[in-house]
Structure formats: C-alpha cells, structure tokens
Amino acid sequence: MYRPAQRLADIEPFHVVELLTRARQLEAEGRDIIHMEVGEPDFPTPEPIAKAATNAIKSGKTLYTQALGLPELREAISRFYDQRYGVSVPASRIAVTNGASGALNLAFACLADPGSEWLLTDPGYPCNRHILRAFEGRPQNIPVGPETNFQPTPELLRQHWKQSTAGLLVASPANPTGTLLTLPEIAGLAEVCRDKNGHFLVDEIYHGLTYEIEAPTACAAGDDIWVINSFSKYFQMTGWRLGWMVIPEAYVRDVEKLAQNLTLCPSTPAQHAALAAFEPETIAILESRRSEFRRRRDFLAPALEAIGFRITARPEGAFYLYCDCSALADDSFALAKDLLEKTGVAATPGLDFGSNQPEKHIRFAYTTGVERLAEAVERLGAYFGR
Ligand SMILES: Cc1ncc(COP(=O)(O)O)c(C=O)c1O
C-alpha cells in the first residue's frame, strides 16, 4: 500500500535536481562541467571552526544540549549582534537550530494554523512554500520584479493582504536575486504587519555576504520580528546543519517546546565548532573570502551582460545573479538543459523559484573561482555566437 499524506501532492522536488543528475552523468562520461547551479560556498569550513569541532569530539562533547542550544553559543550570537550591528538581542531570545531550514520549520510549526495564508515573494526560495505546506499553512505569492528590487513594498503588502493572511516572510539579501532591504524598508513592512495583526519573518541567511554595504538586521526594526540566520553561507558550514533564530519574547517557550519534541537539540559538535565562528581569526578568513565573492560578482555580472543576459536589479549580496534571458531564449528551462548538454555549464532555471515569469529567468551562482567563471563565460559566448 502506498498512501502518503495529501500534502505530499503539493511538495515539489527541485527542478535543478534533474539537471544535476544529467550533469553527473556527463561528468561520469568525462565531460568537464562548470557548476554554477550550486547554492553553497565552494570554500571549506574555516580551520579554527573545524579544529574546535575535533577538540569537542575528542573531549566527549557529544551528548544532547538544551533544546534551544548551548547557552555559551546563544551568548556568542547575542554578542555578535552587538558587535556587528550595534543591536542588543538578549541570548534568551535566541534559539540555535538545525540550519535556517530548522528555524523555518520551527517558526511555521509555531505560527501556522491549518489554512492560514503566508505571503512569500515570487521569485523566492522554493523550500519556504513547501515547509509551510508541511505544517498545513498555505503560501500566497507576491509577484515581485525589478521595479521594487524584487522585494515587497508596504503598498504591495497591503494590496495582497487578505482576511486569511497570517504573515509575511522575506529574505534580505534574497535568493535568487541577491537584493537587499534597507532598514527603513524593513520598518515599513513591519508596520503593515503590525497594523494587520500579522507575523513578520525575515530570513537573513546571506548576511555577511554583501559587497557594498552591510545588510541591516531586522532585529533593529522591532523585537516582534522573527529573524532567521544560519552558519551555512557566510560562515561556510552548510553541511554542519546549524543556524539560529531570534524569537519574539512571548514565543520563546513555545519554540522551546517544539524544539524539544521535533529535534531534541541541534548537533552538539557543530555547536561547539560554531563557538569558534565569531573569533577574530575566523572572521578574518571569512572577510577575505567575502572579498573573493565580490571579485567574482564584479567579473561575472558585466561578462554575462555582454553576452545578452540582463540583470535587472543590482545583486548586492548572496552569490547569485538572477538573469533575464528572454533576449536569448524563450524558455529558460529548455535553455538550462541545452547549455548543460552543449557547453557543460550548469545553471538553475527560473522554474525553481516560483511562477512569476520563470521562463524568462535563469540563476547563475558564482560559487566557483574566477578562472572557472571565465571559462564558463567563454563557452556561453561561443554558444550564443557573441
Ligand atoms: C534563502 C534561504 N533560506 C534558507 C536556506 C536554508 O539554508 P540552511 O538550512 O543551510 O541554513 C537557504 C539555502 O540555500 C536559502 O537560500
């Protein structure tokens, strides 16, 4: 008997997985594939973090911690808010989680009633709508485009807010576009959410990976905002599965109860490792890698534009370029497949990020070195006859 829960019908796989499978096949046949579909840094976890993990394991720090995480790590994250943003966030409001994914799961488990609707940007990070669906909430898209920097505005929010709307989730910098929200913009969205008696969640997973300015934290716009972050991207710990969430005070106990039941605790060795993430020695490594990401973006963006891709909003952060490819092809999914076959360049088609003109867009990640990016540009140029 095969009888999954009905919600499974609404949960889609990543379309890019199909391309990845094909990329692996081609690699097995000896083809050289340039991976620009990958959403994780290509750098290894900084050495001080890795060392802290081995020390923790060797000294037997492998048992469960408190459900909301090691008190000293929650304190270290609290100090990080103070040092980096000048914002006071008490450790008591910080939950350490299994990545930003774990934080999003806990947030929606805590807040989403069956049938409640949640405003999400389209394009946006695809897992959000599926996590929401797993907790019986309903995603409600706000189509966003270059005219609003691919972010919602208070006007758009009011326009889309319905009786059944329970809240809004945004990301800054966003995936797939890399665009940011300023603090006044965050405050404007928060005001509408308050006015509508709704929840406001801000995903700050790409903080630290911005190239002109520091992204402001939503923690500075009110202590009623749920702020999600992770050790995955800036700290380059994707596989360690560690993140955190700043929770409005009234919900801390609820999240704690959920965490106790859903996960018991985040990985203990990973938490001990993360204690080294905020050390000056680690930050120096991370900042030099941030400069490298910037160098890649500054090389790749004009090179893709010279081929005919259009970048319609300035990608200020993350490590993605979300390109309008409509001048080059009618269907970005078919284009991504053909590029892989004919040039060995793997990119993510717009289809993975929603239903707002996905056929016109393709995402290139600069999670590979400048030389490989240059090789990719050369192959793409030849493909398009530029
Ligand atoms: C916007 C966004 N949020 C959350 C996640 C989940 O990341 P993790 O669970 O590794 O922290 C990702 C991963 O790519 C992402 O792009």
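Visitor: What should I know before reading the values?

Guide: The model is predicted, so local features need pLDDT of at least 70 and side-chain atom pairs count only at pLDDT 80 or more, while totals for chains, interfaces and linings use all residues. Residues are numbered from 1 along each chain as its sequence is written, and side-chain values use heavy atoms, with hydrogens and water left out.

Visitor: Which residues surround the ligand?

Guide: A residue is near a molecule if one of its heavy atoms lies within 4 Å of it. Here the shell holds Gly99, Ala100, Ser101, Tyr125, Asn175, Asp203, Ile205, Tyr206, Ser230, Ser232, Lys233 and Arg241. Helix H4 (residues 99-111) gives the largest share, 3 residues; helices (H or I, at least four residues) and strands (E, at least two) are DSSP runs, numbered from the N terminus. By class, the shell has 4 nonpolar, 5 polar and 3 charged residues. Ala, Val, Leu, Ile, Met, Phe, Trp, Tyr, Cys and Pro count as nonpolar, Asp, Glu, Lys and Arg as charged, and the others, Gly among them, as polar.

Visitor: Which polar side-chain atom lies 2.9 Å from an oxygen atom of the ligand?

Guide: The 2.9 Å case belongs to Asn175. Tyr206 places a polar side-chain atom 2.7 Å from a ligand oxygen, and an N or O atom in the side chain of Asp203 is 2.6 Å from a ligand nitrogen. Taken alone, the ligand exposes 400 Å², of which the protein buries 92% (Shrake-Rupley method, 1.4 Å probe).

Visitor: Where does the ligand sit?

Guide: A pocket is an open set of points on a 1 Å grid over the protein atoms alone, where a 1.4 Å probe fits, with protein on both sides within 12 Å along at least five of seven lines; lining residues have an atom within 4 Å of a point. A molecule sits in a pocket if more than half of its atoms lie within 2 Å of the grid points. The ligand sits in the largest pocket, which is lined by 30 residues, with Phe14, Gly39, Tyr125, Lys233 and Tyr320 nearest its centre. H4 gives the most to this lining, 4 residues.

Visitor: Which peptide bonds are cis?

Guide: Most peptide bonds are trans. The bond joining Asp122 and Pro123 is cis, with omega about 10°, and Pro123 is in the loop between strand S3 (117-122) and helix H5 (127-134). The bond from Asn175 to Pro176 is also cis, with omega near 15°.

Technical notes: A polar contact is a pair of N or O atoms within 3.5 Å; within protein, one must be able to donate a hydrogen and the other to accept it, and residues adjacent in sequence count only if both atoms are side-chain atoms.
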